[in-house]
Structures are given as C-alpha cells and as structure tokens.
Amino acid sequence: MTAEAGLAALWFAATLAAMQLALAALGVRRLLAAQEGRGLTADLLGAVRPIAIVQGALAAVAMALLIAVFVRSDMSVLLVAENSHSEKPLLYKFAGAWGNHEGSMLLWVTILGLAGGAVAIFERTLPRVTLIATLGAQAAIALGFYAFLLFVSNPFARIDPAPLDGQGLNPLLQDPGLAFHPPTLYIGYVGISVAFSFAVGALIARDVGPAFARAMRPWVLGAWIFLTLGITAGSYWAYYELGWGGWWFWDPVENASLMPWLAATALLHSVTVLATRDGLRAWTVMLAVVAFSMSMIGTFLVRSGILTSVHAFAVDPSRGTFILALLVLYIGGALALFAARIGTVRAGNTFDPVSREGALVANNLLLSVILGVVLIGTLYPIVAAGFGVQLSVGPPFFDKAAGPVALLLVVAMAAGPLLRWRRDDARVLVVRMAPPIAAFGVVLVAVLLLGGGVALLPLLGIALAAALAVASVAPLWGRNLLRVPLFTWGMVVAHLGIAVSLAGMASESAFTRATLVAARVGEPQRVGPYTVTLDGIAPTIGPNWSALEAHLSARRGSGTVIQLRPQSRFFTSPVTVTSESAIATVLDGQLYTVLGQADGQGRVQLRLWWKPFVTLIWLGGALVAIGGALSLIGRLRRERRARRRTGDEEAWA
Amino acid sequence: MKPKQQRLMLVLLGLGAVAAAALLALSALKDQAAFFYAPGDVKRTGLPLGRAVRLGGMVEDGSIKRQADGVSIRFVVTDGVATVPVAFSGIAPDLFREGSGVVAEGRFSPDGSFTATNLLAKHDEKYMPPQMAGKMHETKTLRQ
C-alpha cells in the first residue's frame with residue numbers, strides 16, 4: 001500500500017500546484033486591478049500561502065514513502081526491483097531512492113515544493129502582488145515536473161509478479177557520496193528556480209528594485225552555497241572513486257553543474273549592486289532568467305538520457321522529449337516575459353567605469369564569457385550528433401578557451417573589493433593594488449627559479465592565486481576585526497577560498513608526478529618524494545563485494561611508513577569490477593595509488609601519483625561555501641534588525 | 001553619463017561578451033574537438049593526423065598482446081570493414097577484453113597505427129555509450 005499512498009500524495013500535490021497557479025493568476029489580476037483603484041480589494045494571498053505549504057509537504061510525503069519502499073526492499077515496486085538489492089547496506093538502500101532516474105526527479109520536485117513552502121512561510125517583506133506572483137511562478141515550474149513524474153516517469157509503478165530480488169545499484173554509486181552529493185546539488189538547482197520565480201514575480205508586478213533584490217538575495221546566496229558544496233563534493237567523489245587521478249574532467253555532466261554555478265555567481269554579484277546601489281536592474285533580472293535556464297539545461301542534459309555517464313539513468317526517448325518540451329516551455333516563457341516586461345523596468349542609478357559597480361560588471365561579463373564557452377563546448381557534440389557527426393569536446397578545448405578568461409576574472413576579482421562604490425580614482429587603485437601586484441611578482445619569480453619548466457597557465461595560476469589571496473584580505477587591513485560586518489567577512493573568506501582553490505589547481509597541474517609500473521612484491525617504486533613498496537596482495541571481502549587488495553607501504557626519506565590498501569572490487573549484482581583507490585593525505589599533498597591487473601607472471605600494475613597541494617582545491621571550495629554562509633547569516637541578521645527597527649518606529653508612531 | 005547612455009553601453013558590453021565567448025569557443029573548437037572514427041572511416045577518408053581523435057570499434061579476437069614491461073599493451077580494433085593497430089600504456093578498464101567494444105582516445109601515427117592515451121570500455125549493459133551502441137550495431141550487422 002505504501003507505493004499507492006505515495007502515488008496518491010503525488011497526485012494531490014500536483015492538483016494543489018494547479019490550484020496554486022490558478023489562484024495566484026487570479027490574485028495578481030485582482031491586486032493589480034485594486035492598485036488602479038477598480039475592482040475588489042480582497043486578495044487571495046491568504047489562500048495561496050497555505051496551498052503552497054501543503055503542496056510542499058505532500059511532495060515530501062511522497063519522497064518519504066519512496067524511501068520507505070527502498071529501505072524495506074519491496075521488490076514488487078518496479079523501481080526498487082530495478083535499482084536495489086536486499087543485501088545492499090542500509091545507507092545505499094536509503095540513498096538509492098534517488099540513485100535512479102525516477103527517484104532523483106521526485107527528489108527534485110520535493111525540494112522544489114519545500115522551497116515554495118518556505119517562501120510562503122518566511123517571506124514577509126515583499127509587496128503582496130510580487131509575492132503572490134512569485135508563488136504562482138513556483139507552482140508553474142512544479143506543475144511541469146509533477147506532470148513529468150505522473151505521466152512518463154512514475155516512481156511508484158508496480159511489477160507483477162515481483163522478482164525474488166533486485167538487480168542492484170551501480171557499484172560506482174555505492175559510496176557515502178551518494179547520500180550527500182545529489183541532494184546538495186538539487187537544493188542548489190531548486191534554489192535558483194526560487195530566485196527565478198522572484199524575478200518573474202517582480203516582472204509581473206512591475207516591481208524590479210532594491211526591495212525585490214533584497215528578498216531574492218538570500219535565495220541566490222543559499223542556492224549558490226549548495227551548488228558550491230555539491231560541485232566540490234562531486235569533484236572529490238569523482239577524484240577518489242574513478243581512480244583516474246583527475247579532479248575535473250569537463251564531462252558534460254560536470255559542466256551541467258558548473259554552468260548554473262557560473263550564472264549564480266554572476267547573479268549573486270549583480271543582485272548586490274541592485275540591493276545596495278539600485279543599479280543593473282534589467283541585467284539582474286536577465287541573469288536570474290539565465291541562471292534558471294542553465295539549471296533547466298543541466299537537468300535536461302543529466303536526466304534526458306542524451307548523455308551517457310553514471311548520472312544518466314534513463315534511455316527512454318519519451319522522457320527526453322518530455323524534459324526537452326518542459327525546457328523549451330520554461331526558458332521560452334521566461335524570455336518572452338522578460339522581453340514583454342523589460343520595457344517597464346526603469347533605468348537604475350548610474351556609476352563610473354572605475355568603481356565597485358564597474359568591477360562587478362566586469363566580473364559579470366567575464367563570467368558570462370566563461371559560461372558561453374562552457375555552454376557551447378557542452379552542447380556542440382549534441383548538436384553535431386544531430387547532423388550525424390560524432391565528436392567529443394574534452395579538456396584541451398575547455399582549458400584553452402576558458403582558462404585565460406578565468407585568469408582575467410581573477411584579476412577583476414582582486415581589484416573589485418578595493419574599489420569604492422559609484423566612483424573611484426584609477427591612480428589610487430594602483431596604489432591600493434601594490435601589495436597584491438608585489439605578491440604576484442615575487443611568487444612568479446620564485447616559481448620560475450625553483451620550479452623550472454612549468455607551463456604558462458599553471459604558472460600564472462599560482463602567481464595570481466598569491467595576488468588574489470593578498471587582495472582578498474585587504475578589505476580587513478586597518479579595521480577593528482570585531483566590528484567588520486559578517487557579510488564583509490563572507491566576501492573575504494569566499495574570495496580567499498577561490499585563491500586557495502586556484503593555487504591547488506595550478507599546483508596539481510604543474511607539479512604532479514605520476515608513474516605506472518608492473519610491480520613485483522618487495523620491489524620499491526619511486527614517485528615524487530616517496531618510495532612505495534608492494535608488500536603483498538591479499539583477497540578481502542565486503543558486505544556485497546569481494547576484492548583483491550594490494551598492501552603498499554610508502555615512505556618519504558626516513559619518515560614514518562604509510563600503509564595504503566588500493567583494491568580491485570568485484571560486485572555480483574550487477575556484475576561489475578571497480579577499482580578503489582587508496583589515498584594518503586599529508587600536509588603538502590596526496591599520494592594516490594590505484595591497483596590494476598595482474599600480468600600472470602607475479603607482477604601487478606600499480607599507478608602512483610604524487611600530487612602536491614591538491615587538497616587545496618576542495619579546501620578552497622569549502623572556504624567559498626563557508627564565505628557564502630557567513631554572508632547569508634550576516635545579511636539575514638541585518639535585515640531582521642532593520643525590520644525590528646522599523647517595527648519600533650511604527651510602535652512609536 | 002546619462003542613465004540611458006549607460007544602459008546602452010551595458011547592453012553593448014553584454015553583446016560584446018556573448019560574441020567574444022562565441023568566437024573564442026568556435027576558434028578553439030576548430031582544432032580541439034575530437035572527432036569519432038571507426039576503422040572503416042579511416043580507410044575511407046584517410047588518416048586524421050596531428051589532432052586528438054577517438055577511435056571506436058571491437059577489440060579483435062586474439063589480438064591483445066601484453067608487452068614485457070607489464071604496463072603496455074597492443075591490440076587491434078576492427079569494425080568489420082578495416083582494422084587499426086593500437087598501442088596503449090596504462091591500466092586498461094576492467095571490462096576491456098577481446099571481442100568487446102572499446103573507444104580509444106589518442107592520435108594516429110603516419111604509419112596508420114594509433115597511440116591511445118585513454119581507453120573507455122563498455123561498462124555494462126546499462127551504461128553503454130550511445131555512439132558505441134551505434135557503432136557496435138553496425139559491426140554486428142556487418143558480421144552477419
């Protein structure tokens with residue numbers, strides 16, 4: 001009965017979303033009419049709010065019921081039979097609920113519904129028209145995805161007769177990462193859709209201004225924090241799970257998460273201009289549309305079956321067509337609304353080219369260029385395939401096209417926080433930029449003298465990372481650290497995080513040492529500063545796999561011996577072999593080991609990497625997310641204080 | 001600067017950025033996109049030299065030769081029309097085996113052989129690359 005209850009909850013939620021959309025449309029018309037002094041003044045917000053909350057709750061109930069059938073291993077549910085196995089560890093039964101096509105789409109709408117409910121509960125500052133239109137837009141997005149689930153992708157379908165056991169989950173997904181990576185990314189995607197709904201609401205209500213920007217900003221920030229975490233976690237997961245030694249492959253699926261992040265980063269900065277300086281009105285709305293389009297394209301790329309990777313579960317063409325239709329409908333609708341209403345958005349405040357706003361515009365333009373490059377590189381193979389040409393676009397393209405622009409962006413990023421709002425003096429800026437420029441020069445020369453033979457892009461990357469690190473903390477110089485507002489701390493930490501991450505990327509690319517050997521037991525191998533010895537090979541067994549395990553001991557000079565145990569794992573359901581890398585993290589980098597095949601003459605293949613400072617990549621990502629969180633908390637606190645102050649004034653009056 | 005002028009400037013800058021992105025991407029695509037070849041395509045159109053490409057087909061039965069260093073292998077990729085000898089150093093994917101599908105990333109040498117930097121093998125029935133599914137299908141029909 002659990003599955004049927006879940007399906008019923010989904011139908012109820014879909015019906016409520018339809019009601020929410022209809023009532024919101026009616027409510028907006030009434031309110032706009034009332035504003036012009038005709039018609040009824042009664043508004044429907046009182047009805048739309050609870051509907052939005054209940055709709056979100058029902059979607060969550062459906063998701064909870066799906067998790068329940070997975071945890072109970074109810075093989076009469078088709079999805080469980082196809083993607084689960086009764087002997088799978090509990091964590092993967094639980095997380096396996098979204099480790100497949102239907103379940104992951106259900107998780108998507110659940111988060112969307114809950115976010116809509118949260119807007120209905122917590123948003124108190126927006127004008128009623130804007131809020132009601134926002135909730136209407138949110139319902140319109142949800143409705144499409146409910147239709148998708150109910151008509152072509154039902155997660156609760158039964159199978160009769162029920163098989164004795166399931167087919168199991170793709171072993172590459174059987175990792176604790178599965179429990180965190182998809183939900184974090186989805187919260188990011190969905191948060192962007194909320195920001196988009198705010199933009200739609202503001203366009204419909206003709207209310208694009210600082211108030212709308214302040215209401216939208218926490219959602220953009222929140223979405224951006226989760227996207228950052230999701231991308232960082234996904235990158236580390238791919239790094240240790242795939243055993244290829246790389247941390248970013250420019251895989252279309254990775255790009256699908258990077259593109260919304262780039263757009264959200266641009267939006268985050270332009271929304272700040274709109275909220276504080278009332279500039280860049282139309283541009284901010286446009287970016288909200290673009291960011292949402294990117295998260296829709298991301299969903300389409302990953303979920304339509306057009307790509308093949310661990311992420312692409314379904315190859316059912318009707319689903320791809322349905323998602324494509326939704327994509328065209330939403331992006332087309334958003335652009336049409338933008339085109340129709342943008343004329344009503346009056347120009348905001350102006351500013352000098354040399355100013356904080358100017359630097360933020362530069363940031364936005366450069367991010368847009370990178371976004372464009374990534375988008376073209378990602379979609380080109382798909383378009384070419386439509387013309388019968390098979391090709392792939394890989395790291396060389398993205399490194400060559402996006403790399404230099406990204407470094408230029410770092411320059412803008414270093415200068416931005418050192419500029420004043422509205423107008424500044426270029427000569428004074430040069431003086432303020434002296435320390436970062438000095439850091440750039442010193443590090444550049446040091447690497448050239450010590451490193452030797454470093455390629456241009458990583459070399460510039462390391463030097464710019466040093467400059468950015470110095471420039472990031474510059475806004476704190478000479479200030480009482482206790483009185484610096486929390487959101488300024490947020491900016492400093494986030495920018496510093498980018499510098500840290502960039503240093504890690506450049507160091508990994510410049511100084512990685514790799515070796516590939518067929519090793520005999522007892523034979524020492526050299527990689528970077530380490531000597532790695534194969535002590536032996538032994539079979540071992542896990543909950544649903546068996547494995548061959550290499551016992552390695554690594555030693556640096558006369559230091560302590562590190563034990564590493566890379567494995568080659570054999571899964572029976574489905575039959576798959578995966579290699580589990582073993583990684584030793586030390587202060588200045590990671591030693592990464594992978595076990596290959598045995599050659600039948602007493603040797604096994606070993607792939608060894610020494611990656612100096614590679615951990616900085618993800619540490620930087622975490623810092624960026626922490627910076628975002630500090631900024632979010634700081635903004636929310638300031639808003640609350642401001643509201644309390646106006647509340648006091650009203651009480652006085 | 002008047003607000004209207006500034007707005008115009010921003011619009012122009014935005015369009016400029018989009019154009020720059022498109023130009024940058026297209027110029028890089030021209031020499032960086034890796035085209036997909038089956039051995040038969042190479043026979044028909046000639047060797048694509050001096051660029052990274054992908055070679056797809058079946059690993060010919062009995063063709064995998066392990067080299068003395070223990071990490072290099074040589075094998076032959078076929079699509080039923082033509083064959084290409086491939087050299088690869090590294091850990092081959094677990095499902096790389098004779099009579100099974102493979103996509104090799106790398107470059108052709110002037111003598112017609114292929115040096116692979118990476119091998120992609122069929123993961124399992126569920127996770128087969130579509131381009132490979134297509135090629136394999138052709139290969140199967142050719143064999144019949």
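A: Before the contact between the chains can be counted, one criterion is needed: two residues are in contact if their C-beta atoms, placed from the backbone, lie within 7 Å. Please also keep in mind that this is a predicted model.

Q: While we're on chain B, what is it built from?
A: Chain B has 3 helices and 7 strands, and read from the N terminus its elements follow the order α-β-α-β-β-β-β-β-β-α. Of its 144 residues, 35% count as buried. If one takes the contacts in chain B with a separation of 6 or more, 52% of them are between residues 24 or more positions apart.

Q: Switching to chain A, what order do the strands of the open sheet take?
A: The open sheet in chain A has 4 strands in the order β2-β11-β10-β9, with antiparallel pairing. At its edges stand β2 (513–519) and β9 (582–586) of chain A, and because each has a single partner strand, one side of each is left without a neighbour in the sheet. Ignoring direction, neighbouring strands of this sheet are turned by 15° against each other on average.

Q: What about β10(A), is that strand buried or exposed?
A: Of the 10 residues of β10(A), 9 are buried, so this strand is largely enclosed by the rest of the structure.

Q: How many bridges join β10 of chain A to β11?
A: There are 8 bridges between β10 (residues 589–598) and β11 (residues 604–612) of chain A, and these two strands run antiparallel; Gly589(A), for instance, has Pro612(A) in β11(A) as its bridge partner. β10(A) and β11(A) form a hairpin with 5 residues between them, and in the turn Gly600(A) has a positive phi of about 80°.

Q: And on the β9(A) side, how many bridges?
A: β9(A) and β10(A) are paired over 5 bridges, in the antiparallel sense, and Ile583(A) has Tyr592(A) in β10(A) as its bridge partner. These two strands also form a hairpin, with 2 residues between them.

Q: How far apart are the ends of helix α2 in chain A?
A: The end C-alpha atoms of α2 (residues 45–71) of chain A are 39 Å apart, which agrees with the span of 39 Å that its 27 residues should have at 1.5 Å a residue. Just after α2(A), Ser73(A) takes a positive phi of about 50°.

Q: Last topic: which residues have the most contacts inside the largest nonpolar core?
A: Those are Ala195(A), Ala291(A) and Leu468(A), in a core of 246 residues. Helix α7 of chain A, residues 177–204, supplies the largest share of this core, with 16 residues.

Q: What does Ala291(A) touch?
A: Leaving aside its neighbours within four places in sequence, Ala291(A) is in contact with residues including Ile192(A), Ala195(A), Phe196(A), Pro260(A) and Leu267(A).

Conventions:
Residues are numbered from 1 along each chain as its sequence is written. Chains are lettered from A and ligands numbered from 1 in the order in which they are written. This is a predicted model: local features need pLDDT of at least 70, side-chain atom pairs count only at pLDDT 80 or more; totals for chains, interfaces and linings use all residues. Two strands pair if DSSP finds at least two bridges between them. Axes are lines fitted to C-alpha atoms, for helices over the stretch in contact, and angles run from 0 to 180 degrees between N-to-C directions. A nonpolar core is a set of buried Ala, Val, Leu, Ile, Met, Phe, Trp, Tyr and Cys residues joined through C-beta atoms within 7 Å. A residue is buried if 20 or more other C-beta atoms lie within 10 Å of its own, exposed if 12 or fewer, and partly exposed in between; C-beta atoms are placed from the backbone. The expected span of a helix is 1.5 Å times one less than its number of residues.
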